[in-house]
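Have a look at the structure first, then we'll go through it topic by topic.

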Amino acid sequence: MASIYNCIECGNNLNLQTNHLYPPDFYFEAGNKGTLSFAVVDTSKFNFEKEDKIMPFFETLNYWGIQRKRVKIKCSCCGRLVGYVYDDGPPLTDSPGQFHFGPSQVVPRAPRYRFKNKALRITYET
C-alpha cells in the first residue's frame, strides 16, 4: 500500500517514497519514537540547515558537554521544520568496527532522514 506524505502546514507533497521507509522496529542509536525514517528523499522538496548543539553534561570540571551535530529538514514551501538528518543509518561498509565490537560511529554510516509524525499529513492510497 502506497502513501502520500504532505507537509501538515502548507499541504505540499514532499514526494517521500514508501519503498524507502525503514521498518518501524529498525534500531537506530538516536531512537525512532513518533517518527518515520527514510533512506532517501527528494532533496528539491526540502531546505537543509546545519545545527550544532552542545548538551550540558557535567562529569568533570573541565568537561563541557556532548556535541550533537545534525541537520534540520524544512519544507521548501513554508519553511516548517519537518524532521532531522541523522548519521546513524545502516553501515556503508561490511567492517566489524573498531576492535571488532560491531558497527559504531567510527564506521561510516548512511544518512537517515527522520520525519516527525506531527509534521506530516499521510494519505493512504489503495
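This is a predicted model: local features need pLDDT of at least 70, side-chain atom pairs count only at pLDDT 80 or more; totals for chains, interfaces and linings use all residues.

Are Glu51 and Lys72 buried or exposed? Both of them are buried. A search of the whole structure turns up three salt bridges and zero disulfides.

- Glu51 and Lys72 meet through their side chains in a salt bridge, at 3.9 Å from N to O. This pair links distant parts of the chain, with Glu51 in strand β3 and Lys72 in strand β4, 21 residues apart.
- Glu49 pairs up with Lys74 in another salt bridge, where the closest N and O atoms are 3.1 Å apart. Glu49 sits in strand β3 (residues 46-55) and Lys74 in strand β4, so this contact ties together parts that are 25 residues apart in sequence.
- Glu51 and Lys72 are buried, whereas Glu49 is partly exposed at 35% relative accessible area. Lys74 also counts as partly exposed, with 21% relative accessibility.

- Glu9 and Arg80 form a salt bridge through their side chains, at 3.0 Å from N to O.
- What does this pair tie together? Glu9 belongs to the loop between β1 (3-7) and β2 (35-38), and Arg80 to the loop between β4 and β5 (81-86), so the pair ties together parts that are 71 residues apart in sequence.
- Glu9 counts as exposed, at 54% relative accessibility, while Arg80 is partly exposed at 29%.

**Cysteines**

- With zero disulfides in the structure, Cys10 is in none; its nearest cysteine sulfur, that of Cys75, is 3.7 Å away.

**Confidence**

- Where is confidence lowest in the chain, and where is it highest? Strand β4 (residues 66-75) is lowest, at a mean of 81, and strand β6 (residues 112-116) is highest, at 93.
- Strand β4, the lowest in confidence, is also where Lys72 sits.

Definitions and conventions. Residues are numbered from 1 along each chain as its sequence is written. Side-chain values use heavy atoms; hydrogens and water are left out. A disulfide is a pair of cysteine sulfur atoms within 2.5 Å. pLDDT is the predictor's confidence in each residue, from 0 to 100. Helices (H or I, at least four residues) and strands (E, at least two) are DSSP runs, numbered from the N terminus. A salt bridge is a side-chain nitrogen of Lys or Arg within 4 Å of a carboxyl oxygen of Asp or Glu. Buried means under 20% relative accessible area, exposed over 50%, partly exposed in between (1.4 Å probe, protein chains only).
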